[in-house]
Amino acid sequence: MAPIRTFKMTNFRWVICGLLFLATTINYMDRQVLSLTWKDFIAPEFHWTDANYGKITAYFSVFYAIANLFAGKFIDWMGTKKGYLIAIFVWSVGACLHAGCGWVAMEWEGYDSIAQLGQLTGDAAVMIATVSMYLFLACRMVLALGEAGNFPAAIKVTAEYFPKKDRAFATSIFNSGASVGALAAPATIPLLARVYGWELAFIIIGVLGFVWMGLWLWLYDKPIRSKRVNQVELNYIEQDCDLAEVQDRTFSKQEKTISFWKCFTFRQTWSFIVGKFMTDGVWWFFLFWAPAYFSDVYKYTSDSTMGILLIFTLYAIVTVVSIGGGYLPTYFVEKLGMNPYLGRMRAMFIFACFPLLGLFAQPLGAYSAWWPAILIGFLGAGHQAWSANLYSTIGDMFPKSTIGTITGIGTMAGGLASFGINYSSGEFFDWAEAQGGAFSFFGFEGKPAAYMVVFCICSVAYLIGWCIMKTLVPKYRPIVVK
């Protein structure tokens, strides 16, 4: 009798996860170039105030939110391969366009050189600040349009390549690209800006997206059609699918989907919307304002050795701690026998407690700037672990054909929250600085007091969001398309 042949399972799904991680890393590096260069390089040249920068980040967020409303549906319609390519092409072009803002502002206002802009005073300085602000806003809108496709596409790919029990872990890995991008950014971008100028920093980071496009074209295909996925791995990937669903995919039948407006009739959709609205603004606030915080309060510029180390440490903590957050629901499911949704919600409650450490960041900062860096790092780690599990609830509840749409709707809500917190923070910080000792909060005065107010809001947002989500969807209730 011939021996029975056994085939070792391929692990190509992790290669795909690695591509998602790389795309998310590039995404966040592109997003971080402005936050790491505006305070110490761009603001002196264009005479920006905190309010100018706050408006740029706020309107980027709201345009990103609007784009997300359509990006998810676009990814569902176009498909993950073409949709992802288009998204990263658009945001890479947008990233590179920032480099031309100084030249356009100079030509627009009729000056002889960019260096001349920094010497302006009075109304001329206000005018160049306004013109340059709107030029950067235009570039940020192009960037936002492309970046809106990243998470809907990545979540959809994760649902294609991973069974439910592994999705939170896979999502935590590619989602950690956000913190790795934010980690790599302070170690590279301020130095690039110092040596080559802030313009080239935008171009160098923007070009990375075009490199990723080549890798995606070479490696990606749906699992059932991929020559790099054997039958054993395919069976593992599709372990949650019933026979009819597998047959449908085998014969390339179109999956039934849910109309855009009908999505809003489900509590599960609103649960995801609340989770994103209550927490995304927190992450974006620290992403956009942490370098300015250490410069304003502790006088460590983004290109100083101490400034780089503080931001690097912050995101190193985010990166290392958050990856383990994706495994926790798997432990609850496999070891404790919970269903994926219940295990995910229990894990999310734990992660919602991490941001409470942000309440102590500013008070302990009186002793050393390292304390805010460390505590904000744990707050960010809690967010990333929370976010990985929050995204995975979509795959638990909705059919794969609707995942991109739901992701886009929720990310839109997160973008709106980011608009609110960034716009108001810029205005608030300028106002608090002008008030000086006349404005105090928890023993702090002026701008440090304003930072303390925002830190308090950010720290409690997750627990409030979790309670609302649990109220909306107390038990596992998947949506069935008939």
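1. A residue counts as buried when its relative accessible area is under 20%, as exposed over 50% and as partly exposed in between, using a 1.4 Å probe and protein chains only. Lys447, at 8% relative accessibility, therefore counts as buried.

2. A word on what you are looking at. This is a predicted model, in which local features need pLDDT of at least 70 and side-chain atom pairs count only at pLDDT 80 or more, while totals for chains, interfaces and linings use all residues. Residues are numbered from 1 along each chain as its sequence is written, and side-chain values use heavy atoms, with hydrogens and water left out.

3. Now the charged pairs. With a salt bridge taken as a side-chain nitrogen of Lys or Arg within 4 Å of a carboxyl oxygen of Asp or Glu, the count comes to twelve. One of them joins Asp296 and Lys447, at 3.3 Å from N to O. This pair links distant parts of the chain, with Asp296 in helix H11 and Lys447 in helix H18 (residues 447-472), 151 residues apart. Salt bridges with shared partners connect Lys39, Asp50, Asp296, Glu433 and Lys447 in one network. Asp296 is buried too, with a relative accessible area of 15%. Helices here are DSSP runs (H or I, at least four residues), numbered from the N terminus.

4. Helix H11 (residues 267-298) also holds Asp280 and Lys276, four residues apart, or about one turn of the helix. Their side chains form a salt bridge of 2.9 Å, N to O. Asp280 counts as buried at 7% relative accessibility, and Lys276 counts as buried at 2%.

5. Do have a look at Glu233 and Arg13 as well: their salt bridge has its closest N and O atoms 3.1 Å apart. Glu233 lies in helix H9 (residues 231-237) and Arg13 in helix H1 (residues 12-46), so the pair ties together parts that are 220 residues apart in sequence. Glu233 has 0% relative accessibility and counts as buried; Arg13, at 4%, counts as buried.

6. Finally, a helix pair. Helix H16 (residues 370-397) and helix H17 (residues 403-435) pack at about 145°, their axes 10 Å apart; the axes are lines fitted to C-alpha atoms over the stretch in contact, and angles run from 0 to 180 degrees between N-to-C directions. The contact (heavy atoms within 4.5 Å) is made by Tyr391, Ile394 and Gly395 of H16 and by Ile403, Ile406, Thr407 and Thr411 of H17.

Key
Helix = DSSP H or I, 4+ residues; strand = E, 2+ residues; numbered from the N terminus.
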